[in-house]
Each structure stands twice: as C-alpha cells, then as structure tokens.
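Subject: A structure to look at

Dear colleague,

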Amino acid sequence: MKTNTSNPALSKLYCNVFGHHYEVSKTVTKYVKEYTCTCCNKQLTTNGNGELTELTPKFAEINSLLERIQNKRMVYLSQQKTIAA
C-alpha cells in the first residue's frame with residue numbers, strides 16, 4: 001500500500017502509528033543495501049554488523065566506496081573469465 005502524502009506531518013504520523021514501509025532504493029553490494037521509507041522518505045542502510053542504521057553522509061560515502069570497489073572487482077573477474085575461456 002503506497003501512502004505518499006504531500007504533508008510531511010501526516011507522513012510522520014502515519015509512520016509513527018503503523019510503522020515504516022521500507023523498500024530497497026539502492027543495492028550497493030550483495031550484503032549492503034540502502035532503504036527508503038515510501039511514506040516519509042527516511043533513509044537507512046546496513047552497517048558492518050548487518051543492522052539497519054540511519055543513512056548519514058559518512059555511511060553514504062562508505063557505501064559509494066564499497067560500490068566502486070565491487071564494480072571494479074566484478075569487471076576484473078569478468079575479464080579473467082573471458083581470458084580463461
């Protein structure tokens with residue numbers, strides 16, 4: 001059920017009463033994802049322990065670095081597969 005309201009106060013009230021409805025907004029790696037509440041747009045990410053924490057600028061920077069490392073690794077592995085084949 002999508003309940004995007006234009007009034008932020010109503011969105012917060014809805015989330016306080018019924019709870020947040022998080023959806024994956026970005027997949028950084030296999031284990032690290034970023035989530036966004038569809039009602040109030042609160043953003044969370046997974047930390048090193050696998051728990052959800054608020055997405056701060058520090059965590060956003062960490063996630064972007066992880067994503068860049070993961071992408072380089074996947075490119076390297078795909079090149080190795082083509083050489084071996």
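Below I go through what was found, beginning with the chain as a whole and then turning to its parts.

Please bear in mind that this is a predicted model, in which local features need pLDDT of at least 70 and side-chain atom pairs count only at pLDDT 80 or more, whereas totals for chains, interfaces and linings use all residues. Residues are numbered from 1 along each chain as its sequence is written, and side-chain values use heavy atoms, with hydrogens and water left out.

The whole chain

The chain has two helices and four strands, where helices (H or I, at least four residues) and strands (E, at least two) are DSSP runs numbered from the N terminus. Their order along the sequence is α-β-β-β-β-α.

The radius of gyration, which is taken over C-alpha atoms, is 17 Å for this chain, while a compact globule of 85 residues would have a value near 12 Å; the globule rule behind that comparison is 2.2 Å times the number of residues to the power 0.38. Along the principal axes, the C-alpha atoms fill a box of roughly 55 × 25 × 20 Å.

The accessible surface, computed by the Shrake-Rupley method with a 1.4 Å probe and, for residues, with only the protein chains shown counting as cover, comes to about 6,600 Å², and 57% of it belongs to carbon and sulfur atoms. Of the 85 residues, 22% count as buried, a word that here means under 20% relative accessible area, with exposed meaning over 50% and partly exposed lying in between (1.4 Å probe, protein chains only). If we take the contacts (heavy atoms within 4.5 Å) that have a separation of 6 or more, then 23% of them are between residues 24 or more positions apart.

The strands and their turns

E1 (22-27) and E2 (33-37) pair in the antiparallel sense over five bridges, where two strands pair if DSSP finds at least two bridges between them. These two strands form a hairpin with five residues between them, and Glu23 stands opposite Thr36 in E2. Thr36 also stands opposite Gln43 in E3, and E2 and E3 pair in the antiparallel sense over three bridges. Four of the five residues of E2 are buried, so this strand is largely enclosed by the rest of the structure.

Thr29 is found in the loop between E1 and E2, and it counts as buried because its relative accessibility is 15%. Leaving aside residues up to four places away in sequence, Thr29 touches Leu66 and Gln70.

What is the phi of Asn41, which is not a glycine? The value is positive, at about 60°, and it deserves a second look because most residues other than glycine have a negative phi. Asn41 lies in the loop between E2 and E3 (43-46), and with 52% relative accessibility it counts as exposed.

A salt bridge

Side chains of opposite charge can pair when their charged atoms come close. A salt bridge is here a side-chain nitrogen of Lys or Arg within 4 Å of a carboxyl oxygen of Asp or Glu, and by this rule the count is one. Lys26 forms a salt bridge with Glu67, and their closest N and O atoms are 3.2 Å apart. Since Lys26 lies in strand E1 and Glu67 in helix H2 (residues 57-84), the pair ties together parts that are 41 residues apart in sequence. Both count as partly exposed, Lys26 at 31% relative accessibility and Glu67 at 23%.

Leu10, Leu13, Val17 and Phe18 form a nonpolar patch on the surface, with about 440 Å² of accessible area together. Such a patch is made of residues with over 30% relative accessible area and no salt bridge, and it joins nonpolar side chains (Val, Leu, Ile, Met, Phe, Trp, Tyr) within 5 Å, or like charges within 9 Å. Leu13 belongs to helix H1 (residues 8-18).

Gly19 is placed in the loop between H1 and E1, where it counts as partly exposed at 27% relative accessibility. The C-alpha atoms of Gly19 and Thr82 are 48 Å from each other, and these residues are 63 apart along the chain.

With best wishes
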